[in-house]
There are 4 protein chains.
Amino acid sequence: MANSFGNLFRITTWGESHGGGVGVVVDGCSPRLALTEADIQPDLDRRRPGQSKIVTPRKEADRVEILSGTFEGKTLGTPISMWVRNEDQRPEAYTEMATKFRPSHADYTYQAKFGIRSWQGGGRTSARETIGRVAAGAIAKKLLRERYGVEVLAYVQQVQKISAEIDPDKVKFADIESNIVRCPDSAVAEKMIRLIEKMRRTGDTVGGIVTGVARGVPAGWGEPVFDRLEADLAKAMLSLPASKAFEIGSGFSSILLTGTQHNDAFRAKGGKVYTTTNRSGGIQGGISNGQTIYFRTAFKPVATVMVEQDTVDVDLKNTTIKSRGRHDPCVLPRAVPMVEAMTALVLIDHALRQKAQCE
Amino acid sequence: MANSFGNLFRITTWGESHGGGVGVVVDGCSPRLALTEADIQPDLDRRRPGQSKIVTPRKEADRVEILSGTFEGKTLGTPISMWVRNEDQRPEAYTEMATKFRPSHADYTYQAKFGIRSWQGGGRTSARETIGRVAAGAIAKKLLRERYGVEVLAYVQQVQKISAEIDPDKVKFADIESNIVRCPDSAVAEKMIRLIEKMRRTGDTVGGIVTGVARGVPAGWGEPVFDRLEADLAKAMLSLPASKAFEIGSGFSSILLTGTQHNDAFRAKGGKVYTTTNRSGGIQGGISNGQTIYFRTAFKPVATVMVEQDTVDVDLKNTTIKSRGRHDPCVLPRAVPMVEAMTALVLIDHALRQKAQCE
Amino acid sequence: MANSFGNLFRITTWGESHGGGVGVVVDGCSPRLALTEADIQPDLDRRRPGQSKIVTPRKEADRVEILSGTFEGKTLGTPISMWVRNEDQRPEAYTEMATKFRPSHADYTYQAKFGIRSWQGGGRTSARETIGRVAAGAIAKKLLRERYGVEVLAYVQQVQKISAEIDPDKVKFADIESNIVRCPDSAVAEKMIRLIEKMRRTGDTVGGIVTGVARGVPAGWGEPVFDRLEADLAKAMLSLPASKAFEIGSGFSSILLTGTQHNDAFRAKGGKVYTTTNRSGGIQGGISNGQTIYFRTAFKPVATVMVEQDTVDVDLKNTTIKSRGRHDPCVLPRAVPMVEAMTALVLIDHALRQKAQCE
Amino acid sequence: MANSFGNLFRITTWGESHGGGVGVVVDGCSPRLALTEADIQPDLDRRRPGQSKIVTPRKEADRVEILSGTFEGKTLGTPISMWVRNEDQRPEAYTEMATKFRPSHADYTYQAKFGIRSWQGGGRTSARETIGRVAAGAIAKKLLRERYGVEVLAYVQQVQKISAEIDPDKVKFADIESNIVRCPDSAVAEKMIRLIEKMRRTGDTVGGIVTGVARGVPAGWGEPVFDRLEADLAKAMLSLPASKAFEIGSGFSSILLTGTQHNDAFRAKGGKVYTTTNRSGGIQGGISNGQTIYFRTAFKPVATVMVEQDTVDVDLKNTTIKSRGRHDPCVLPRAVPMVEAMTALVLIDHALRQKAQCE
């Protein structure tokens, strides 16, 4: 079950970096939604390696193919199977990985768990696994937009110490996509890009923060007590490669205020309730309150560095390793569509659950 | 399903603050584990209101009763049903809550979701719900300790700006329990207690950080790709009342280092692998690597303050509310056993999943 | 998970024959349904031992208590916990069971599986476990009736070779309940009762067939491909103690006809589709077609007989056993509310799933 | 979730009759099992249309391709994605199906449920969907055989009134496969084949009974109370297209005996327990008892007949329809590998669950 996510809108991803391809099965999608590959491909293009000078150079078109679940351009309500062929497989580039565990990678833990691993290109731990998520997320985003009026966005908020001030209530998709780092503040984006380029030159890597936003979510989505909306978002984010932290609304900084200072006062206007501040991040008691949902996810610097490092080999002998594979100096620009996808998958699932139980 | 947690070791909690009681059914517990109420009660006592001068004064003994699943002091492998009666119910103290939504509470969102709510004492949103979790967690902790040699701990790391430096590899349960705030550094604990007492006097509240630790987890627990160990821990923590943020290992601070600086080098000694640093927090690629697992959870200041605040009523009119119920100036001391419980529930579930698939 | 049933309307039962009691937690019930113990008790009374001269004489009132999930007589949408205390526990009557395995009972298999068993009164294998199902089923039936216009019924169709001809489209609850064996044909019921009384006198037991019926189910419930409506009904029925077989619609007898003879022709009248025959049993391709759903479940003769039988003891030595406990000559009259309950649980779950995905 | 089956060994099937293809993702397969397409293809060949003169003539090679989850010929413990391309698509043969509902098919119910349907070749209701099940079942059978010493078999027991007497304890795979109808009694098989050929000539269809057998299952598999082994088998069987009934062990005929006559006496020999009869069908209280598991599934005559029949069209007008598509006079020979597959999927899941909880 570990490769499935969601309850009513459930996806199952499959595929290793090297092998036939990677893909996803989406089970539970509502019928009669207009859907073709053209709805999916743009998000895969945003996730794709080689899309700009600041991301990993793997050369793959990542063309998605829908194999089932649609008829005459509309969803049937049956499973939607989508996949992308693997093309740029360079096993020779990875031979050292067959015998050595890369530091802070999953080579060692996969070996410890399964007693076997596909060491070529990282196998299942490759970021290629997220292709299935992003493809499924594109469907979820479309459903949310067309049937619920919900908009899901994500953007790069911070790269190392370079941080932008962005208003989640107002940020626009076009501004996010206006530069290759996907930070909607173009001046800050410039600085981020320069830092990442420096990392690329030195063979090092850098991390940062992606903010996720959902606007237009009605009050009432989220299932106490265990499947709180923020709990499912936290799991979704921490399931992404290289993620290390999650905070909803005021997050860690909430602890600097007292309760009196921190509480979001309710006000009503024209028969509608709103809060004068939004430290709750749009969620109270695990349920959306109608305000903008926003949260932040930290991604560590990618572990693959072009620098010699201490490690051990499969015979448990001390040795060193220097990556010769592709170098991804910063995962953040490509993490943006991943965060959007996982956010949309959480939200559509809760939309359906709310409909089932409470309507 | 929202009130169940876990896959193979699955708990289902039930109960409102006012009503017959609160409880839990544990399904999937291994058979032949010695188990009586004496194994459960100590953790409930650590979770109990009224245990010290710095926590909410609700007067309940919270005596747990095991109704099923054991025979002659041993688990049967059948569902273990446990419950605690509600005693200290003071509906009169809450009457204002029938018509007004408390700021940053779940009153409004429950009403929006369900179209009805048990407004007495917060109903299902009451912290009493966690009694079931803590009771189930006590069983999980015992199984982990006796069958897997795993120790689960939690402690208060920070209250507002007062922070302690604690080594997760060495912290001792006795030190944590040596003071009422559950911070293992007694000098820092004193300061924390003074701050909380001040909050109690002013009717305000304060939040902070609880660190969770698991020692002795073997390499190999955790299920990529969605049920990564840190993803399930993140969900577990964010499902706790008042929690706002989660970070594993280096967490948000990971972004301040480059990849070269951040990576945990592997070394081997005597046929065993270890890492020279532990920024990974004991988890790599979603799977435990044999090092100590540690993570931090932020709890916001509790929303119930004894101060007049702006809000709206059920007729969507602007008004004010001043809580007259019980005042819990700081949830952290009682959150410690909750964090332990949820951690143990995540770990035992993954232990069983590892056994099922890979052994 | 083995003690939970359902996806969106999910129940978890707990409890052994001897111990604190037996109960159920219902998760996912819609909010704002009027509900008190008075809605539950009648079905428990129909399931109760000692209700007539032809069932097991265990003397228990089986009074249900709702512990959570309602407020001012209405469901909250939160878990509904219900339980019944164990009263008539006679451990002394069962001491032989501690060391011997009763033939065709689950004593041996529980021991083989769990390495431990609660031998008093059959522990978890006791029919008392079905109390939780029947209580939850009463809620499901009420939801189905009030919100979907669906009526669920069951009746005894056959006892050994004594069989009744009943029309599932027309059978009435009052007729079913007009006699103690719950066969709506009173003449046949008389014969059945006489046969069961004979069994009671000789210490033997007898089985038969219960038919389940659901009327008013709209076209569209049921989830291909694995969660077909008839597949979930089959599982539900085979999960009942002593059940051995299930058939939907024409069932086993379908094989005596050719396809041309067997097919149900569609006709339309007044904008509504119906079938001129109903060999499909109201389900086609796993989905309800708007016709009456009916199916049959066989219950074997209860294994507890008051006659000496060959068996083995816990030391795996050959021996004999003669039951001295309570004698239930025929489980069928009490199986009727169980069949209703499980049917209603399957249907409400599919009603909610249909609402979630397709509406 | 409706397109997934299993808990720990979980499969998700996808695909319509017309479209890119059909396939399955297997999640939870144990690592380090030798696996290539050669392990899968033989069962697909047994399921394939056009394999003999008595089955549907659709001309497809049904070549399976493994896309993920293996490395150097061994399973990785990651999802195994397998698929078969659709080749023989003849949309023109089905045009009448666009506007008319075939009697006793799922055309009408799919339309009622989803408001849309892939009418070409039956879409998702096509027997092609079972390709994924059979492919996954081949893996499950191999795991059961190699790691647990369990053998799974199925055979045609009855076609209409032509019935064979077969001993489940002794039946051999080679005998089953020795003729095209897959009845291990060759004399009876001849009669069955003649009957089916007659049906083919007249454009009619005929049903019958497939018996499933599992030998070598140790005592202890099966999860009371809801996931009893026979309950999961019943669901598995009733989820197969055209199935109408299921019985375990003595099944419906159990009701003809009294309890004294029906009980299976235990005996011990050489420290091993066995039963002198096996009316239980190898399962007691939902748990395997170490004896041979056997059960029977009835498949109705296939609904597609080459004869004019009454039906309605999509405008709800009365009309007639005469199938012009492929004619499958009897589904039984091809149902045999399907029954095997579903049986193996149930068993491997329970093997893993037993390992997780009780070992």
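How many bridges join strand β12 of chain B to β13(B), and do the strands run parallel or antiparallel? Four bridges join them, and the strands run antiparallel. Before I go on, please note that this is a predicted model.

I'll stay with that hairpin for a moment. Strand β12(B) covers residues 266-269, and strand β13(B) covers residues 272-275. Two residues lie between the strands. At G270(B), in this hairpin, phi is positive, near 60°. One bridge pairs K269(B) with K272(B) of β13(B). K272(B) also belongs to the uncovered face of β13(B), together with Y274(B). The covered face of that strand consists of V273(B) and T275(B).

Helix α1 of chain B spans residues 37-47. Its buried residues are I40(B), Q41(B), D43(B), L44(B), R46(B) and R47(B). And what covers them? The cover includes strand β7 (80-85) and the helices α3 (130-148), α4 (173-176) and α8 (332-358), which belong to chain B.

T205(A) sits in a loop, between α5 (186-202) and β10 (208-215) of chain A. Is T205(A) buried or exposed? T205(A) counts as buried because its relative accessibility is 0%, and the cut-off for buried is under 20%. The side chain of T205(A) comes to 2.7 Å from the backbone oxygen of V302(A). Beyond its neighbours within four places in sequence, T205(A) is in contact with several residues of chain A, among them M199(A), P301(A), V302(A) and H327(A). T205(A) also contacts T258(B) and G259(B), from chain B.

That's the tour; I'll take questions.

How values were computed
Residues are numbered from 1 along each chain as its sequence is written. Chains are lettered from A and ligands numbered from 1 in the order in which they are written. This is a predicted model: local features need pLDDT of at least 70, side-chain atom pairs count only at pLDDT 80 or more; totals for chains, interfaces and linings use all residues. Side-chain values use heavy atoms; hydrogens and water are left out. Buried means under 20% relative accessible area, exposed over 50%, partly exposed in between (1.4 Å probe, protein chains only). Contact means heavy atoms within 4.5 Å. Two strands pair if DSSP finds at least two bridges between them. A polar contact is a pair of N or O atoms within 3.5 Å; within protein, one must be able to donate a hydrogen and the other to accept it, and residues adjacent in sequence count only if both atoms are side-chain atoms.
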